[in-house]
Amino acid sequence: MTRRVPRPLAAAALVAVLAWGLTACSGALSPVGDGAATPPLAEVSPVDDPLAWEGPSTAVAASAAIDPIIDGAQALPVTLTDSQGTEVTVTDATRILTLDIYGSLSRIVFELGLGDAVVARDTSSGFPEAAALPVVTENGHDLNAEAILEAAPTVILTDTSLGPWDTVLQMRDAGIPVVVVDSHRSLESVGSLIEQVGTALGVPERAAALAARSTDAVAAKLTQIAAVAPVDPAQKLRMMFLYVRGQSGVYYLFGEESGADSLIEALGGIDVAGEIGWKGMRPVTDEALVDANPDLLIMMTKGLESVGGVDGLVEHLPAIAQTDAGRHRRIVDMSDTTVLSFGPASAEVLDALAVAVYAPEASG
């Protein structure tokens with residue numbers, strides 16, 4: 001009875017919901033977990049039994065400084081076929097604009113040693129090295145055509161997570177090369193995303209090095225998490241990723257191919273959505289929540305804030321109180337623009353989440 005959504009459609013629907021939801025929350029809410037970074041997993045003591053833990057926790061990823069890779073000359077022009085099948089020729093990368101809902105593309109460009117060429121940013125690219133750049137999104141994540149044209153980019157890299165799409169097409173009509181990268185994000189796609197950006201900007205050697213560095217860091221973090229996560233299947237936490245926008249009455253379960261499944265598996269948990277065959281994102285029902293009975297919920301910080309925290313979440317979705325996650329208040333939240341970003345800082349994201357799950361007394 002579960003409707004299977006083709007992967008490209010599921011990914012497109014997912015980023016559309018994210019863009020709309022994050023825009024709706026922008027500027028109106030304060031993050032639940034705003035504060036100091038979560039201590040590293042290597043420096044905390046995991047609880048003996050994560051299933052016995054009571055209470056919520058917040059994961060705040062450490063803000064690692066940009067460590068640019070500069071070995072490897074830039075070679076332009078480059079002609080490529082982007083993720084939408086459009087042939088694009090990039091002849092000039094002296095003025096770069098990167099646009100996506102998590103700021104991942106901006107981070108990649110800076111890590112590729114091309115940060116000095118970035119002329120503006122989306123609101124999610126708030127890491128210190130990019131913070132002073134003018135913002136070309138308004139109301140959170142709406143593209144501002146006038147601001148983009150004023151920045152005078154010679155190349156734009158984006159995915160389908162920001163809109164309106166007519167603004168992107170307008171940039172192409174204005175003669176600016178626009179390269180659309182794959183919007184599907186997961187830990188497995190980190191290297192591919194970096195390589196797509198590096199190819200478009202004429203630095204494939206640097207991209208290969210950054211992809212290797214990033215994936216090696218993730219692999220090392222997975223080994224570290226595996227050492228603290230329960231081995232016995234009966235002791236593994238059954239997790240769900242719940243997307244909420246309380247002021248709009250939006251409650252979605254993120255399932256397979258949303259990136260949430262990749263995150264849960266990396267944390268050593270059991271992806272409940274995978275068990276029931278949910279793909280992409282689907283509206284949550286009381287019956288689905290009770291039947292799934294997750295041990296722990298992962299949420300975006302502003303989403304949790306939008307319903308008034310854990311108490312408000314249970315009030316808005318009473319079925320949560322009938323799950324082990326609700327009964328024990330085991331809810332982990334993380335910044336909306338970080339938790340599913342899947343870029344060069346993925347290892348830091350995993351580290352903070354692992355602490356929030358397995359050493360919650362050390363997190364916020």
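Select residues 104–111: in α2, the residues S104, L105, S106, R107, I108, V109, F110 and E111 are buried. Buried means under 20% relative accessible area, exposed means over 50%, and partly exposed lies in between (1.4 Å probe, protein chains only). Helices (H or I, at least four residues) and strands (E, at least two) are DSSP runs, numbered from the N terminus. This is a predicted model, in which local features need pLDDT of at least 70 and side-chain atom pairs count only at pLDDT 80 or more, while totals for chains, interfaces and linings use all residues. Residues are numbered from 1 along each chain as its sequence is written, and side-chain values use heavy atoms, with hydrogens and water left out.

**Stay on α2.** Eight of the eight residues of this helix are buried, so α2 is largely enclosed by the rest of the structure. What covers them? Show β4 (96–99), β7 (155–158), α5 (190–200) and α6 (204–226), which are included in the cover of the buried residues of α2. Next, click on G113. This glycine follows α2 and has a positive phi, near 80°.

**Move to a pocket.** Select R107, E111, R213, P344 and E348. Of the 13 residues that line the second largest pocket, these lie nearest its centre. Two or more lining residues come from each of α2, α6 and α13 (346–358). Which element gives the most? That is α6, with four residues. The lining divides into seven nonpolar residues, one polar and five charged. Here Ala, Val, Leu, Ile, Met, Phe, Trp, Tyr, Cys and Pro count as nonpolar, Asp, Glu, Lys and Arg as charged, and the others, Gly among them, as polar. The volume of this pocket is about 160 Å³.

How is a pocket found? On a 1 Å grid over the protein atoms alone, a pocket is an open set of points with protein on both sides within 12 Å along at least five of seven lines, for a 1.4 Å probe; lining residues have an atom within 4 Å of a point. Grid points are joined across faces, edges and corners, and the volume is the space filled by probe spheres set on the points.

**Go into the core.** Select I96, L201, M239, V339, L340 and L353. Of the 90 residues in the largest nonpolar core, these touch the most other members. A nonpolar core is a set of buried Ala, Val, Leu, Ile, Met, Phe, Trp, Tyr and Cys residues joined through side-chain atoms within 4.5 Å. Helix α13 gives the most to this core, with nine residues. Now centre on L353. Leaving out residues up to four places away in sequence, L353 touches A59, L263, L267, V332, M334 and V339. Contact means heavy atoms within 4.5 Å. A second, separate core has 23 residues, including A273, W278, V307 and A325.

**Look at two cis bonds.** Select L76 and P77. The peptide bond that joins them is cis, with omega about 10°. P77 is in the loop between β1 (57–59) and β2 (78–81). Then select G163 and P164, also joined by a cis peptide bond, with omega about 5°. P164 sits in the loop between β7 and α4 (165–173).

**Check two positive phi values.** A152 is not a glycine, yet its phi is positive, about 55°. Find A152 in the loop between α3 (145–151) and β7. Is A152 buried or partly exposed? With a relative accessible area of 38%, A152 is partly exposed. F342 also has a positive phi, near 50°, and is a residue other than glycine. The loop between β14 (331–334) and α13 holds F342. At 3% relative accessibility, F342 counts as buried.

T137 lies in strand β5 (residues 137–138). T137 is buried, at a relative accessible area of 10%. Leaving aside neighbours within four places in sequence, T137 is in contact with R121, D122, T123, D142, L143 and L162. From T137 to T123 is 14 residues in sequence and 6.2 Å in space, C-alpha to C-alpha.

P230 is in the loop between α6 and β9 (238–245). Apart from neighbours within four places in sequence, P230 is in contact with P50, Q235, K236 and Y358. P230 and Y358 are 128 residues apart along the chain, and their C-alpha atoms are separated by 9.5 Å.

**Zoom out.** The chain has 13 helices and 14 strands. Of its 364 residues, 55% are buried.
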